[in-house]
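Here is a short briefing on one chain.

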Amino acid sequence: MGDMNQIRNIVILTGAGISAESGIDTFRSGGGLWEQHRVEDVATPEAFARDPNLVHRFYDARRAAIQEKEPNAAHFALGRLEAEWPGKLLLVTQNVDDLHERGGASRVLHMHGEHLKAWCTSCDVRSLWRGPLLDRPACPVCQARSLRPDVVWFGEMPYRMGEIYAALREADLFVSIGTSGAVYPAAGFVQNARELGARTLELNLERSQGSHHFHESRLGPASEVVPQWVAEMLG
Ligand code: APR
């Protein structure tokens, strides 16, 4: 890593790997979610139009499952870093679980949406939601029975990209944690950051598709590597 005390502004991107040790399946490592389901059957607008009950059952099961899981040491370490870091820090996650929030982070940018939100396709309001959607409950705001998971499906635009690119322009350090670098636009952030002069660090269990873009890669489980890095940053 470069000289730590020249680092003021940090952007962190996390992926499913940071929640793996909390017992939430990743997508592409052995037995991952996408090995059990065809993405195009459950995670596209076309799938939802074709078979809404199948899609609701898939997301109802995942929404329930994450509520039985607990944050791990990596989530808590990032919560501490966000609270104590003197410069700017933006935590962007591809994850749709709420483990970063329960790990103490308060300003999490969920670029792929959140399991614990329902999006009304009638009034466009997003409401906190913990139960199932299969039985077509009424939207808390407009009462229409037109709620969908507030998760960004393939072919849909990720959320708040303008804020992410603005933060990357100011970043002195970009850190990618627990992501395979398989899905854009998130997989391209490291190149944006590097072109804009930031240092880039990858913390991942194994080499990812994007490892060659990083100045430094540290391999190991997030619950060990992330607290170690946070301790370094907070000196
Ligand atoms: N600690 C750190 N990294 C881990 C751990 C762990 N304990 N376990 C797995 N990993 C790493 C894997 O090596 C892999 O590189 O986490 C990464 C998980 O990759 P994916 O399963 O592809 O998940 P992710 O990168 O978040 O997927 C990105 O794809 O399907 C879409 O919208 C979905 O947000 C998701 C996006």
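The side chains of Ser-19 and Asp-97 make a polar contact at 2.8 Å. A polar contact is a pair of N or O atoms within 3.5 Å; within protein, one must be able to donate a hydrogen and the other to accept it, and residues adjacent in sequence count only if both atoms are side-chain atoms. The model is predicted: local features need pLDDT of at least 70, side-chain atom pairs count only at pLDDT 80 or more, and totals for chains, interfaces and linings use all residues. Residues are numbered from 1 along each chain as its sequence is written, and side-chain values use heavy atoms, with hydrogens and water left out.

- Ser-19 sits in helix α1 (residues 17-20). Helices (H or I, at least four residues) and strands (E, at least two) are DSSP runs, numbered from the N terminus.
- Ser-19 counts as buried because its relative accessibility is 1%. Buried means under 20% relative accessible area, exposed over 50%, partly exposed in between (1.4 Å probe, protein chains only).
- Leaving aside neighbours within four places in sequence, Ser-19 is in contact with Ile-24, Asn-72, His-75, Asn-95, Asp-97 and Leu-99. Contact means heavy atoms within 4.5 Å.

**Helix α6**

- Helix α6 has twelve residues and reaches 16 Å from first C-alpha to last, close to the 16 Å expected at 1.5 Å a residue. The expected span is 1.5 Å times one less than the number of residues.
- Ala-74, His-75, Ala-77, Leu-78, Gly-79, Leu-81 and Glu-82 are the buried residues of α6.
- Those buried residues pack against β1 (10-14), α1, β2 (89-93), α7 (99-102), β7 and α10.

**The α6-α10 pair**

- The axes of α6 (residues 73-84) and α10 (residues 222-234) come within 7 Å and cross at roughly 20°. Axes are lines fitted to C-alpha atoms, for helices over the stretch in contact, and angles run from 0 to 180 degrees between N-to-C directions.
- The two helices are therefore roughly parallel. Angles under 35 degrees count as roughly parallel, over 145 as roughly antiparallel, 65 to 115 as roughly perpendicular and the rest as oblique.
- On the α6 side, the contact residues include Ala-73, Ala-77 and Leu-81. On the α10 side, they include Val-226, Trp-229 and Met-233.

**Thr-200**

- Thr-200 belongs to strand β8 (residues 199-204). Its relative accessible area is 0%, so Thr-200 is buried.
- A polar atom of the Thr-200 side chain lies 2.8 Å from the backbone nitrogen of His-215.
- Beyond four places in sequence, the contacts of Thr-200 include Leu-173, Val-190, Phe-214 and His-215.

**Backbone details**

- Tyr-184 and Pro-185 are joined by a cis peptide bond, with omega about 5°. Pro-185 lies in the loop between β7 (173-177) and α9 (189-195).
- Asp-124 has phi near 70°, a positive value in a residue other than glycine. The loop between β4 (113-120) and β5 (126-128) holds Asp-124, which is partly exposed at 46% relative accessible area.
- Arg-160, also not a glycine, has a positive phi near 55°. Arg-160 is in the loop between β6 (147-151) and α8 (161-170) and is partly exposed at 43%.
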